[in-house]
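Trainee: I'm new to this one. Could we go through it together, with me asking and you answering?

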Amino acid sequence: MSSSYQAALERLYSLERFGIKLGLDNVGRLLRELGDPQLSCPAVHIGGTNGKGSVARTIAQVLHCAGYDCGLYTSPHLQRFNERIWQNGDQIDDGEVGGLFDECWSAMERVLAEQPSAQQRPMTFFELVTAMAALYFSRRSAQIAVWEVGLGGRLDATNLVQPQVTLITSVAIEHEQWLGSSLAQIAAEKAGIIKPGVPVLTAVSHPEALEVIESIAAERGAPLMRLGHDFSYTRLSKSRMNYDGLSLDLRDLRISLAGEHQLANAALAIAALELIQTQFSVNENDIRRGLSQVRWPGRLERMGEQGQIVLDGAHNTEAAQALAAALAESPPRGKRLMLIGMGEDKDLAGFFELLGPHVDRAFLTRSQRPQAVDPRRLAAVAGPYIESIEICDDVPAGLAASRAQLREGDELLVCGSLFVVGEARQIIQDEQGAR
């Protein structure tokens, strides 16, 4: 790890003290100072509560298989910062992180010096990283970039891109302190990424949320197409489906990402590719290859020598429902243990109520993040839903304790937080590398 890369990360993470501050004024000034690099290539813009990362990754993989120079921006990362910014299937390298950071940091300082009003709300970590990604794609002459919304949509730093198609994967209660406490309020924030005249795809079906999305799309003259209405999929097995699309009909597609919810995500991705077909042509073989090759670590990912450890970043109740359905379909021969840590703003009781019936014993822990819930508090909430509980002070201790109780035929599920999943994944990888 180079010293310039390490120094860049240290200064970047120093911005986290400013927390989440939604708004486009500061990041807009920063991007203008850099020459508006986010407008250098067409974009696919993806928002929603769950599934947006999987959809983004799938679209980028198919475009890569079709030979396009495609950028990909997602968040958060599991283990390394570089996971946030990709081009042509490769992560940004350490040296480019350092150089882009220096350039964006200097531009930020100029903006703050010239705009006294901006100093009242310093740049955040996410704003600066978004600018770095935009500059990276511009400098490397990306033909198209796939952007995942960070939080909400309307005031998210990614909302200054110029999309060819917009997607809203799902709407569920989350981040209430920033997005609102009702589905209608949250849907309005997520639908804030809809642009005038730009087609919109969604899998949202809840009437309260869908009504808001339909209204905003109509106001902006944005054609709206819905999964299950304008395009659909038919499940053939856990990993195969038929797709009945806007113009394409594809039979027996194999999906590499696990879980039935990934079939819906794949259908959204294919529909998006259909809508940009005139500019970015992909054929059936590109789609089949992309769907079968896409990888998304920490999403029902099996690790360990015998595949006994399942990592899944589910961290809200909608994601927990999808995870519970996947667990019900694939029960282990023995017991299922769970290592779980969660963030302060989550529905703790709802999460344990959904997963409790599928778990024999839970190991409660916390990630290194300041927002992580104390495992003792988790124990008080989990008690009514899970009979056998053990408290572990951190992820390494929790992983060691839970793995020590694994027997042949057992399974260990690691979930509740992407940060917990990332820490556990790193430990497992380090062990495998040491062998």
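Trainee: What volume does the largest cavity have?

Mentor: Keep in mind that this is a predicted model, where local features need pLDDT of at least 70, side-chain atom pairs count only at pLDDT 80 or more, and totals for chains, interfaces and linings use all residues. Residues are numbered from 1 along each chain as its sequence is written, and side-chain values use heavy atoms, leaving out hydrogens and water. A cavity is a set of points, on a 1 Å grid over the protein atoms alone, where a 1.4 Å probe fits but cannot get out. Volume is the space filled by probe spheres set on the points, joined across faces, edges and corners, and for the largest cavity that comes to about 40 Å³.

Trainee: Which helix gives the most to the lining of the largest cavity?

Mentor: Lining residues have an atom within 4 Å of a point, and here they include S54, I255 and N265. With three residues, the top giver is α9.

Trainee: Is I193 buried or exposed?

Mentor: I193 sits in the loop between α7 (183–190) and β7 (200–202); strands like β7 are DSSP runs of E, at least two residues. Buried means under 20% relative accessible area and exposed over 50%, with a 1.4 Å probe and protein chains only. I193 has 0% relative accessibility, so the residue counts as buried.

Definitions and conventions: Helix = DSSP H or I, 4+ residues; strand = E, 2+ residues; numbered from the N terminus. 1 Å grid on protein atoms, 1.4 Å probe; cavity = no way out; pocket = protein on both sides within 12 Å on 5 of 7 lines; lining within 4 Å.
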